[in-house]
Amino acid sequence: MQPSKQFYTSIKIIDADEVPQLKKRTDIATFVIIFFIVVILTRLWFLQIHNGNNYREKADNNRVRMLDVIAPRGNILDSKGRTILTNRPSFNIVWVKEDSPDPDEIIKKLSIILDEEIAELLKRVREAADNPRHIPILLKEDIDWKTLVYIENNHYDLPGIRIEVLPIREYLYGDFGSHMIGYLGEINQEELVGRKGENYQGGDQIGKNGFEKIYEEELRGEKGISYMEVDARGFEQRQLKGREPLPGNDLQLTVDLDLQLEAEKAMEGMAGAVIAMDVNSGRILAFVSSPPVHLEDFVGGISTKKWQELLNNMKRPLVPKTIQGQYPPGSTYKIVTALAGLAKKVITPNTIFYCSGSMVYGNRRYGCWKQGGHGAVSLHRALAESCDVYFYQVGLKVGVDGLAEYAKSLGLGTRTGIELEYEKSGLIPTAAWKKQAKGVPWQEGETLSIAIGQGFNLVTPLQICQMTSALANGGMLYKPFLVEKIIDPEGQVIKEFEPTVTLELLGMDNYLELIRDGLIDAVNDRHGTGTAARLKDITVAGKTGTAQVVTMETFKAVDEEDVAYQHRDHAWFTSFAPAEKPEIAVTVMVEHGGHGGSAAAPVAKKILERYFAVKSDVNSAKSVEKQASLR
Amino acid sequence: MLAAVLLIAAMGLINLYSATYAGGDASTTAFFRQLYFFVAGFSFIVIIHLFDYRILLTWNYPLYIITVCVLLGALLFGGSIAGTQRWINLGFFRLQPSEPAKLMLVISLASYYYRKDTGRGFTIKDLGVPILLTGVLFVLILKQPDLGTALMFAGIFISMTLFVKLKWSTVWIIFGACSAAIPMGWKFFLKPYQKQRILTFLNPESDPNNSGYHIMQSKIAVGSGLKFGKGYLKGTQGHLHFLPERHTDFAFSVWAEEWGFAGALVFLAVYFFMILWGLNVCMASRDKFGVLLAFGIVSLIFWQAVINLLMVMGFLPVVGIPLPLFSYGGSSLMTTLIGIGLLMNIRMRRYQVRKA
C-alpha cells in the first residue's frame, strides 16, 4: 500500500511568502503556551507556597480524627493506704452508624445479643442524633464477659459495632462510706457552663456528691487525646501519636478501713450515724451514716425507680446523718450543763440535789427518767446515772443563755467546718433567739428541757463527737477532717492536711476532769447507764442519751415496742477511751432506736473493741518485728 | 524529545504506583496495565516511523468514517459505566473511542485544510465541511454523554481553524455565532449535572460535600504539598481516598502532594519542553499538511494538559479531561503516543519533500 512517488511530489510545499505568516502564528501559539505556563505556575505557587500551610492544615483535619481519652480517676485510700475505691475497665457497646450498611439489621441483632428492647436501643440512637456521624453512639454500658466474647467473635456480622473500654469506678468494699465518697454522674448543662475552659464535654462523668465532687479537680486527672488517621469514608486507618491521659490524684483518708467496716456492720438494719474520731487531732476514723446508699446503682446513671425508692425510704438513706441529721442531743447534753454549772460556779462536785423521780416547776411536773428517783445525788452520780432532776436544778441556776454559752464553746450550734458540703449547724437556743424566731419571750420552764438536751436543742452527731473529743483531750476543739493527704500518680504527696484547732477551752481542766470521772462510772459503775459499752481491758468513758421525738406523755401507757417507728426516741451514746489517756472518741446515734444505753452503747462497744484489737495487733506485730531485728 | 516523553511516562508510572498503592502489597494491576500500554505505544511509534505521515492524506476519510462507526457502536452497544456509554469492550482492554477520535479529528481537519488551502484565506463557506466533521463527532460524544471531551473537539477545531488563514469576516461571523450559541447551549444542551458542575466551578465552597468536593480535595492535596512535598507514597489526601479519581484525572494532585512545588516544577518543565518541541516540529515542517497535523497534535496535547492542570488546581470545573501521558488510561495513552509518533514522523521527514 505504499503510495507512489508521484503522491509525494504532489505534496504542496509551503510558499516562501507564507513562511513569515506561519512563523507569526506559531509565535502566537508559543505565546499562548507560555501564557498558560505562567498561569499554571502562578497558581501552583499560590497553592503550595503562599497558602500551603493552610492547605496542609486542612489535609490534616481531613485525615486526623481527634478523640478524648478519659483519664482514670484517682483512687481513694484508707488511713493505712489500703485502696477503697479504684477503677476497673468497663466494656461498652458503641455503634458507628456510618460504618453499618444495614442499620435496622444491626439493631435487631443487638437487641437479641444484649437482651435489650429495640425501642430502648433506638432511644439511645435518637438521643445522639445531633452528633456527627463518626462519633460512636453508646448503646450499652458495662457488658459482661460472655456478651463481650460473643460480640468479639461475631465481629464480622456486626459492622460498625465496636467495643469501647472506659475506666469506671469500682467499689472494693461495697457501700463503704458511701455518703462521704459520693458518686459520679453525667455532667449537666449548668456544670458545663460553670466549668468552662476545664476541658469538659457533654457526656463526661463528673463528681456529683461527696469527695467525688469536692475533690473533682484532684481526682479527675487529665484527659488524653488520641489522634486517629481516617480515610475519606471515616474508616480508621492507624493510630497516630497522641497524648496519654494522666490519672487523677489519690485521696488518702483519715478513715480506717477496719473501723469503718465494723461500724457499718454494727449499724446494719438501723438508721443513724456513727463517728469515731482521734481526740488529739480531729482525724475521723470512722464516719458512718446508715443506711448506706448503694453507689454501684449510680454507675452509668441511677434508674428512676431506684431513685424513688431511695427518696421514699423511711430511714432516709440519701441524708448523710453524720452532718445533716439534726437531733435533740438528749442526755449527752448534760456534759454541757455540767460544765456550765461548774464554770459558773453554781455547783461544786459536792453539791447535792435530791431526786424524788420528778420535780415541780411552775405549774408543771418535770419527771426524771427513773420514776423511783435517784435520791440524793452529787455531780458524779448525776452524770453516771444520768439524773434528770439534778440537771434541771443546774440548768435553772445557770439559765438558758449560760447553757448556750458553754454549748457553743464546745462546738454545738455551729458547723464544725468538716470538708463535706451541706453541713448543718444545729441549734442552740438563747432567750434572744426565741424572741426573734418565735416572737415570744423565753419561759424559764423551757430551760429545764434544754438542760437535759430536749426542747429546741438540735445537734448533729459530728458536733457531739467533736464535743466528746474536746472533753477527752482537755479542752481542744479540733476541726474534724476526713482527708489526710493528696497523692499524685507517682506516689508523691502533694498536699497534706494538718489538724487545726477551732477553739480552746482555757482554765477548765479541773471541771472537764470531774465530768470525765462521771462518764467513766456511767460505763463502769454497775448503776451506770452506759454499761453496755464496757470493755475488759480498757476503761471506756461515755454518756448515754435518749432524745424524745414526741412528748412521751402520749405513749406513757403504751409498750415501747408498740410505738410507731417514727415516734420512737433517738438513742445516743458518746464515749472516749482509754479514759486515763484518751485516744479515740466514738459517737453513736440510732434514729428511733429507743434508749441510748441499750441501742447505741453496744454499737460503740463494738467499734472500741475493734479499735483496740487492731492497735494491739499492730503493737504485737511491731514487737515481733523488733525482736526479729534484734536477733 | 523521546527522552522527554520517556521521562514524563516514567513520572506518570511512578505516580500511578503511588496513587494505587494501598499499603503492603499494592494492587499493581493498574501499574502493569499502564506499563504494557506504554510498551505497546512505543512499538506503535516505531511502526508509525515506517510510514510517511502523508499517507494519511489518502486515508483520512476512511479513518474518519471508521471512527464515527466506532463511536456509534459505543453508543449503541457500549458498556455503561456510571450512566455513561464511553466504552467498547475489546476483551483485553476497554477502548474509549472518544480518545482516538480526537486524533482522527486532527488528521481530518489537517487534511481538509491542506487540500482547500488557497493561500488567500478561508471563507465561511469553506468552513462548512470542517464544522460538519467536528459537529458529527461533537454530538456523538455529547450523547455519551461526555461534555468535557466534546468541548475538547470544539477546542481543537477552533485552534486549528484559527491557525489556518481565515478571512477577517469569517472570524467575526464565527465569533458572533459562538456568542449566540453559548447561552443557547446552556439552555438546551447541557444536562443538569453538567450545569451543576459549571456552577460549582464558579463557587466551589458552596457545596463542599458534593460537586465542590472534588475541587476542594484536589486543591487541598496540591496545596498541602508545600515546597518539597510529603514524600513518595506518603501523600495523605490520595491514600486515604479523599481525592477522587486520583490515578486518572487527578493524578497530578497526587504528584504535587507527594513531591511538592519542586516536583511539580520539574514535571511542568519537562512537559512543556515536550509541547514546545512539538510546536518546533510544526515550524520546521516544510509542507502544509505536516504543519497543520503537527499543530493539531500539539494543540490536542496542550489543551488537554492545560484544562487538566487548571482543573486540579481549582481554576476550572471538573470536566473529566486526563493529563496526557500522565493519567492512567490506555486509550488516552495510546492516542497520545500515536500523536507523538506522528510528530516524530513529521520531524524525520521534514526534508524529504525537497529531495523528492
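In this predicted model, helix α14 (residues 334-343) of chain A packs against helix α16 (residues 388-398) of chain A at an angle of about 55°, with the two axes 9 Å apart. That angle makes α14(A) oblique to α16(A), since angles under 35 degrees count as roughly parallel, over 145 as roughly antiparallel, 65 to 115 as roughly perpendicular and the rest as oblique. Axes are lines fitted to C-alpha atoms, for helices over the stretch in contact, and angles run from 0 to 180 degrees between N-to-C directions. Local features need pLDDT of at least 70 and side-chain atom pairs count only at pLDDT 80 or more, whereas totals for chains, interfaces and linings use all residues. Residues are numbered from 1 along each chain as its sequence is written, and chains are lettered from A and ligands numbered from 1 in the order in which they are written.

**The helix pair**

- Lys334(A), Thr337(A), Ala338(A), Ala340(A) and Gly341(A) of α14(A) meet Phe391(A), Val394(A), Gly395(A), Lys397(A) and Val398(A) of α16(A), a contact requiring C-beta atoms, placed from the backbone, within 7 Å.
- The residues of this contact divide into 5 nonpolar, 3 polar and 2 charged, where Ala, Val, Leu, Ile, Met, Phe, Trp, Tyr, Cys and Pro count as nonpolar, Asp, Glu, Lys and Arg as charged, and the others, Gly among them, as polar.

**The sheet and its helices**

- An open antiparallel sheet of 5 strands in chain A has the order β12-β11-β23-β22-β21, two strands being paired if DSSP finds at least two bridges between them.
- Its edge strands are β12 (284-290) and β21 (541-547) of chain A, each of which pairs on one side only.
- Strand β11 (residues 272-278) of chain A is joined to β12(A) by 6 bridges, and Val274(A) stands opposite Val288(A) in β12(A).
- Helix α11 (residues 257-266) of chain A lies across β11 and β12 of chain A at about 25° to β12(A), while helix α21 (residues 509-524) of chain A lies across β21 and β22 (570-577) of chain A at about 75° to β21(A).
- Helices (H or I, at least four residues) and strands (E, at least two) are DSSP runs, numbered from the N terminus.

**Backbone features in loops**

- The peptide bond from Ser290(A) to Pro291(A) is cis, with omega near -5°, and Pro291(A) lies in the loop between β12 and α12 (304-312) of chain A.
- Ser386(A), in the loop between α15 (379-385) and α16 of chain A, has a positive phi near 60°.
- Ser386(A) counts as buried because it has 29 C-beta neighbours inside 10 Å, the cut-offs being 20 or more other C-beta atoms for buried, 12 or fewer for exposed, and partly exposed in between.

Conventions:
Two residues are in contact if their C-beta atoms, placed from the backbone, lie within 7 Å.
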